[in-house]
Amino acid sequence: MKNITVIGSGTMGNGIAHTFAQNGFNVSLVDISDAALQKALQTIAGNLDRQIKKGAIDEAAKTTTLGNIKTYTDVTEGAAHADLVVEAATENREIKLKLFKQLSEVCQPGVILASNTSSISITEIASATANPANVIGMHFMNPVPMMKLVEVIRGYATTDEVTNTIMELSRQLGKDPVKVNDYPGFVANRILMPMINEAIYTLFEGVAGVHEIDTVMKLGMAHPMGPLQLADFIGLDVCLAILKVLHNGFGNPKYAPCPLLVNMVTAGHLGVKSGSGFYKYTAGSKELVVAEKFV
């Protein structure tokens, strides 16, 4: 396995492309616009520069990594020679189903199709393809070049051979893969999102403030980042989407999104990506400032 196609050049997509390219794979990075692709390449270059400053790699490694990435705005062209396709498009069920149907039609026989989805059923995604046995989940963590975990999610029809291939491939990337079965939220988000939701309820019900809630979890439970700051980092819209998948998938009211989260997403306060969530984010500043709404 040498040729990897990554669909989507956003935060997760460019991180996945970076990681494969740095480990010697030929990467085709696909997105709908050339502007998005150029921004992704700039991000990857900047992240490589940070690795150089830390002494993790040298300039030659940066040049080689960037040379391993080619960009495409056409899925058919970008995926034509892929041994593995990793989809990292927006977390939208309809978009993913349509994309996997297309990939199933344009890719070479035997290609493995993987999704980086954080919550959408791999079994359902696989049902849109001609060969569900070759569809699997590869849920990378953000930031991809740094985080060791990959959740490898088996769909109902995924074969042992495909699962073992992706487990071994993840190890080749320097990751620690964990095999899980295809149920709503998998493992990471089934545990994480209810905690984040409960932290939001704790704020919503006036038990404590933003800073206080995050401080309790950081100092008392040794979390490197409080749950409200983490929600901002993930994106409140993404958190809401995952909670809806959990709520719909299990039919259990314990997964119902907090009304405060729903209102914040409706108002466009999505966290880091919008400049405001539970905290306020100013370009160039690393100071953690609670958003005015919650002061």
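## Starting with exposure

A residue counts as buried under 20% relative accessible area, as exposed over 50%, and as partly exposed in between. That helps with Arg50: its relative accessibility is 49%, so Arg50 counts as partly exposed. Keep in mind that this is a predicted model.

Where does Arg50 sit? Its place is in helix α2, which spans residues 34–53.

Let's step back to the wider layout. An unreviewed UniProt entry marks residues 3–182 as "domain: 3-hydroxyacyl-CoA dehydrogenase NAD binding". Over residues 3–182, the chain is 43% helix and 22% strand.

What is the make-up of the chain over residues 185–281? Here it is 62% helix and 2% strand, with 28 Å between the end C-alpha atoms.

Most residues other than glycine have a negative phi, and most peptide bonds are trans. With that in mind, a few spots are worth a look.

Take the peptide bond from Asn142 to Pro143: it is cis, and its omega is near 0°. You'll find Pro143 in the loop that runs between β6 (135–140) and β7 (149–154).

Then there's Phe186, a residue other than glycine with a positive phi, near 55°. Phe186 lies in the loop between β8 (176–181) and α8 (188–204). Is Phe186 buried or exposed? Its relative accessibility is 5%, so Phe186 counts as buried.

Ala222 isn't a glycine either, yet its phi is positive, at about 60°. The loop between α9 (210–221) and α10 (227–234) is where Ala222 belongs. Ala222 has a relative accessible area of 64%, so this residue is exposed.

## Over to Lys280

One more stop is Lys280, which is in strand β9, made of residues 279–280.

Terms used. Residues are numbered from 1 along each chain as its sequence is written. This is a predicted model: local features need pLDDT of at least 70, side-chain atom pairs count only at pLDDT 80 or more; totals for chains, interfaces and linings use all residues. Side-chain values use heavy atoms; hydrogens and water are left out. UniProt positions are given in the numbering used here, feature names are shortened, and annotations may be inferred rather than shown by experiment. Helices (H or I, at least four residues) and strands (E, at least two) are DSSP runs, numbered from the N terminus. Buried means under 20% relative accessible area, exposed over 50%, partly exposed in between (1.4 Å probe, protein chains only).
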